[in-house]
Amino acid sequence: MGGFGSTRWSGHVRRRTVEDVRVVLSLQEFSRIMVMSLSQPAGVIQWLGPDTHAEVAWSLQWRARGAMLTLRYGVRSEGRPDEPVSSAIEVATTHLPSGGWRWWFLCPRCEHRRAVLYLPRAESGFGCRSCHGLAYRSQRRSPLDRLLSAAAECWRRAGGVGRYHTAVIWPFKPKGMQWRTYERLREEHDRLKLERDALWVGMASRRLRRMGCAG
Ligand SMILES: [Zn+2]
């Protein structure tokens with residue numbers, strides 16, 4: 001999995017986009033799986049695109065308030081045979097005011113309810129758009145935004161919940177997370193935040209100078 005130090009954190013390299021994704025798991029696929037599961041407890045689902053051919057084996061176990069979807073697939077790493085990976089994805093339901101209910105995937109990384117999960121080419125696990133740091137290619141974001149959302153991503157991975165604000169309260173270490181990882185997230189967050197603030201100050205002072213407000 002793309003860890004720290006990988007290009008996606010640097011902010012200088014092209015941001016990974018939704019188009020770099022190998023498999024998009026939407027509720028549409030999940031309803032196909034649900035229909036298939038009526039006649040078989042496990043099966044295979046394929047994704048065919050212009051430059052994609054992904055095959056994922058699925059199995060589904062029903063739970064009291066949802067289901068557990070297990071996906072198995074091969075992850076290619078350079079010069080080595082495909083490595084088999086198994087990913088368990090919890091599927092939850094919420095009730096609608098109309099009386100029905102809707103399905104949600106719980107992102108295996110942040111556990112937030114999501115309608116779509118992604119498996120990017122360079123990754124071994126499914127996750128939501130924000131966990132995989134995916135942007136839409138059309139989405140033009142300023143360096144300020146990029147730095148801020150990368151900082152927010154560190155905060156979220158370290159257990160931050162809800163909206164990320166500039167005046168941030170650092171979360172307590174989540175259970176099961178190694179201290180080393182937790183501290184690295186904090187360092188990375190602070191570095192990104194400093195870089196962003198410095199950039200902002202630079203831009204603001206240039207603007208002020210242009211307006212004749214500062215020396
Ligand atoms: Zn997520």
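In this predicted model, α3 (179–210) is part of what covers the buried residues of α2. Those buried residues of α2 are L147, A150, A151, A152, E153, C154, W155, R156 and R157. After α2 comes G159, with a positive phi near 110 degrees.

The wider architecture was examined next. The protein contains three helices and eight strands. Read from the N terminus, the order of elements is β-α-β-β-β-β-β-β-β-α-α. The protein has 215 residues, of which 20% count as buried. Among contacts in the protein with a separation of 6 or more, 44% are accounted for by residues 24 or more positions apart.

Strand β5 spans residues 80–95, and strand β6 spans residues 101–106. The two run antiparallel and are joined by six bridges. Within this pairing, V91 stands opposite F105 of β6. Together, β5 and β6 make a hairpin, with five residues between the strands. The turn of this hairpin includes G99, which has a positive phi of about 110 degrees.

Note on methods: Residues are numbered from 1 along each chain as its sequence is written. This is a predicted model: local features need pLDDT of at least 70, side-chain atom pairs count only at pLDDT 80 or more; totals for chains, interfaces and linings use all residues. Two strands pair if DSSP finds at least two bridges between them. Helices (H or I, at least four residues) and strands (E, at least two) are DSSP runs, numbered from the N terminus. A residue is buried if 20 or more other C-beta atoms lie within 10 Å of its own, exposed if 12 or fewer, and partly exposed in between; C-beta atoms are placed from the backbone. Two residues are in contact if their C-beta atoms, placed from the backbone, lie within 7 Å.
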